[in-house]
Amino acid sequence: MEYLYETHLHTNKASLCGRSDGVEHVRYYHSLGFTGIFISDHFFGGNCSVPRNLPWQERIRLYCRGFEEAREEGAKCGLDVFFAWEETFKGDDYLIYGLSPEWLCAHPEMEHWSYREQFEAVHAAGGCVVQAHPFRCRDYIRMITLTKDFVDAVEVANAGNRAIEDAAALRYADEFGLYKTCGSDNHLSYPGKYEEGLIYGMALPRRVSSAGDFARLILNREPVRLCVPEERFSLTGDASEIPLVSYWTDGGNGRIPTGRSWTE
Ligand SMILES: [Zn+2]
Ligand SMILES: [Zn+2]
């Protein structure tokens, strides 16, 4: 028996680019037979709708609205709804699993974390850090930052990516032995989206009891199945399809070019 989870999902409450609310997402994933979803709205470093000039607790309260409405609806229909967040550094994004809104309330210093500080603080609290779509190329992204020493896993398939970007991520994860996740990065749930191949799920061997339990599954590197279209990982096209230079981070502001292609 497998249990299907969505790990990357945005609502229109905290994410400026989000279009569905939590209720709409919950009803849709429930109709698809998922066991659970993680609401991972854009946090304060990213495309977040929460005003910056409010007190920290109030910002967190507003940030959690999409999650709260999803959780309420999930309780009604029987879909497990878990909290997560997606923080943005310099165009590179990190999904954090396993920690709670209350934990966020107690850590206003997180807004200024380096990669290393984020990794250490999240770990100390029992959570985990996953780099989202590491090879994504967009107008607003100037470079690819690879943070293998400061993450627990890499999202190797993201339905918002081009296939070549996922193929590069898979190669990176395999080469360095990084645990692999996938997610839809879904901003809008509508009937037929699954049939269009735009919903990616993680099939887990057991039903997770909490966000912390999911983090443990990743930290323990439990085997999972990534439910993504097969063609996601074909290295079609040439290296020019990843036009950005990639860098290793030292955990702070220092970076060194990797000096290599990830698609050849
Ligand atoms: Zn977004
Ligand atoms: Zn996202």
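Which handedness does the crossing have where α1 passes α3? It is right-handed, meaning that the near helix is turned clockwise from the far one by less than a right angle. This is a predicted model, where local features need pLDDT of at least 70, side-chain atom pairs count only at pLDDT 80 or more, and totals for chains, interfaces and linings use all residues. Residues are numbered from 1 along each chain as its sequence is written, while chains are lettered from A and ligands numbered from 1 in the order in which they are written.

**Two crossing helices**
- Helices here are DSSP runs (H or I, at least four residues), numbered from the N terminus.
- The axes (lines fitted to C-alpha atoms over the stretch in contact) of α1 (residues 22–32) and α3 (residues 65–77) come within 7 Å and cross at roughly 40°.
- In α1, G22, V23, H25, V26, R27 and H30 meet G66, F67, E69, A70, E73, G74 and C77 of α3; contact requires C-beta atoms, placed from the backbone, within 7 Å.

**The nonpolar core**
- A nonpolar core joins buried Ala, Val, Leu, Ile, Met, Phe, Trp, Tyr and Cys residues through C-beta atoms within 7 Å.
- The largest one has 68 residues, and those touching the most other members are I37, I39, A84, I96, Y97, V129 and V130.
- Helix α6 (residues 163–176) gives the most to this core, with 7 residues.

**A closer look at A211**
- A211 lies in helix α7 (residues 211–219).
- With 23 other C-beta atoms within 10 Å, A211 is buried, as the cut-off is 20 or more.
- Leaving out residues up to four places away in sequence, A211 touches F82, F83, A84, Y97 and G98.

Note on methods: Buried ≥ 20, exposed ≤ 12 C-beta atoms within 10 Å, placed from the backbone. Axes fitted to C-alpha atoms, helices over the stretch in contact; angles between N-to-C directions. Contact = placed C-beta atoms within 7 Å.
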